[in-house]
Amino acid sequence: LFLIFSFTTNGRFLKPTNLTNIISQSCVVMIAAIGCSFVMAHNNLDFSLGGSCALCAVAAVILGNEVSPWLILPVCLIVGVLCGILTGVLHIKARIPAFMAGMCIMFIGRGVAQGTYLIFPMRLPASLKVLQSTWFYVAVLVVVFIVAYILFEYTKIGKYNKLIGSNPKCSELSGINVNRYKILAFAISGFCVGVAAFVTVIRGGGAGAQTGSSLETNVLLALTLGGLPLTGGSDTKLRSAIIGGLTLFILDNGLTMWRVDPTLCNVVKGIIFLAVVFLSISREKGKVMA
């Protein structure tokens, strides 16, 4: 995609400002996708991302303006973790499918953001505008990826969640507390959503009615395009979040430069998503049959 758009846009795609814009746009999705990888590793989907991001941003901006600007980051993280834990608890304790529990959080978060936007000006405190830099977003992404990679590859949290995704019954019989590690995965996903919300607030200059809109869809698209198996398991790799996030926004940016109608852009992304899912599922079936 990078090469195709480089040669078909008369050099516009390769302009530093355009490449910086792609990186800046994709950072939020990549950060959220890194956390969501822990949930998908044990064969679940987290549809709460957009709503959780909205709740984090609204609570953080309100307290940041009313109390102290330096509360924005901790509030984002706390609210994000609480949303993640709530989704996990609803799934584990109330036996609600994870995607349905996530959708409930999603709708609540969007409703709160839209209602609050009408009565409260949710602007970024002036003292934090110094952080509005692509390098800052990239630095946050790198830190999140390094910490998440260590947890995912070298601790029980990552190893057990991948094992649960491969064979949940075997994991339970092996003495692994499956429910605990699932909830931990949702908590990590919520933490990363909190970081993504913080970057969203900084980048957007505040929060609004559309904060977090389509985040869960973009994360799912990014992870799928990055090669992460929808069934989770040992094949789950964190690099899928980075590869897929960049691929998604390179595709979106390139189609815009081709002056493709925005509606058709969504059609193209939908077709590509369907093709990747079809190939991925076919490949997994082939492994089982072998």
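For the residue classes used here, Ala, Val, Leu, Ile, Met, Phe, Trp, Tyr, Cys and Pro count as nonpolar, Asp, Glu, Lys and Arg as charged, and the others, Gly among them, as polar. The structure under discussion is a predicted model.

## Second largest pocket

On that scheme, the lining of the second largest pocket divides into 3 nonpolar, 2 polar and 3 charged residues. The residues concerned are His91, Ile92, Arg95, Pro168, Glu172, Val178, Asn179 and Lys182, and the space they line amounts to about 200 Å³. At least two lining residues come from each of α4 (72-92), α8 (168-173) and α9. Helix α9 supplies the largest share, 3 residues.

## Overall fold

The protein chain contains 12 helices and 0 strands. Its radius of gyration is 19 Å, close to the 19 Å that the globule rule gives for 290 residues, so the chain is as compact as a globular protein of that length. Along the principal axes, the C-alpha trace spans about 55 × 50 × 30 Å.

The largest pocket has a volume of about 440 Å³. Of the 19 residues in its lining, Gln25, Val29, Ser213, Asn218 and Phe249 are the closest to the centre. Two or more lining residues are given by each of α2 (16-41), α9 (178-204), α10, α11 (239-257) and α12 (262-289). By class, this lining has 6 nonpolar, 10 polar and 3 charged residues.

The structure also holds 1 cavity of 30 Å³ or more. About 50 Å³ of space lies in the largest cavity, which is lined by Cys36, Leu45, Asp46, Phe47, Leu49, Glu216, Val219 and Leu220. Helix α10 (residues 215-225) gives the most to this lining, with 3 residues. The class count for the cavity lining is 6 nonpolar, no polar and 2 charged residues.

The volumes and lining classes are set out below.

| Space | Volume | Lining by class |
|---|---|---|
| Largest pocket | about 440 Å³ | 6 nonpolar, 10 polar, 3 charged residues |
| Second largest pocket | about 200 Å³ | 3 nonpolar, 2 polar, 3 charged residues |
| Largest cavity | about 50 Å³ | 6 nonpolar, no polar, 2 charged residues |

## Helix packing

Helices α2 and α11 pack at an angle of about 145°, with their axes 8 Å apart, and the crossing is right-handed. On the α2 side the contact is made by Asn18, Asn21, Ile22, Gln25, Ser26, Val29, Met30, Ala33, Ile34 and Ser37, which meet Ala241, Ile242, Gly245, Leu246, Phe249, Ile250, Asn253 and Met257 of α11. This contact has 11 nonpolar, 7 polar and no charged residues. Gln25, Val29 and Phe249 take part in the contact, and these residues are also among the closest to the centre of the largest pocket.

A second pair is formed by helix α3 (residues 49-66) and helix α5 (residues 98-117), whose axes come within 7 Å and cross at roughly 35°. The crossing of α3 and α5 is left-handed. Helix α3 contributes Gly51, Ser52, Ala54, Leu55, Val58 and Ile62, while α5 contributes Ile105, Met106, Gly109, Arg110, Val112, Ala113 and Thr116. By class, the contact of α3 with α5 has 8 nonpolar, 4 polar and 1 charged residues.

Notes:
Residues are numbered from 1 along each chain as its sequence is written. This is a predicted model: local features need pLDDT of at least 70, side-chain atom pairs count only at pLDDT 80 or more; totals for chains, interfaces and linings use all residues. Side-chain values use heavy atoms; hydrogens and water are left out. On a 1 Å grid over the protein atoms alone, a cavity is a set of points where a 1.4 Å probe fits but cannot get out, and a pocket is an open set with protein on both sides within 12 Å along at least five of seven lines; lining residues have an atom within 4 Å of a point. Grid points are joined across faces, edges and corners, and a volume is the space filled by probe spheres set on the points. Helices (H or I, at least four residues) and strands (E, at least two) are DSSP runs, numbered from the N terminus. Axes are lines fitted to C-alpha atoms, for helices over the stretch in contact, and angles run from 0 to 180 degrees between N-to-C directions. A crossing is left-handed if the near helix is turned anticlockwise from the far one by less than a right angle, and right-handed if clockwise. Contact means heavy atoms within 4.5 Å. The radius of gyration is taken over C-alpha atoms; the globule rule is 2.2 Å times the number of residues to the power 0.38.
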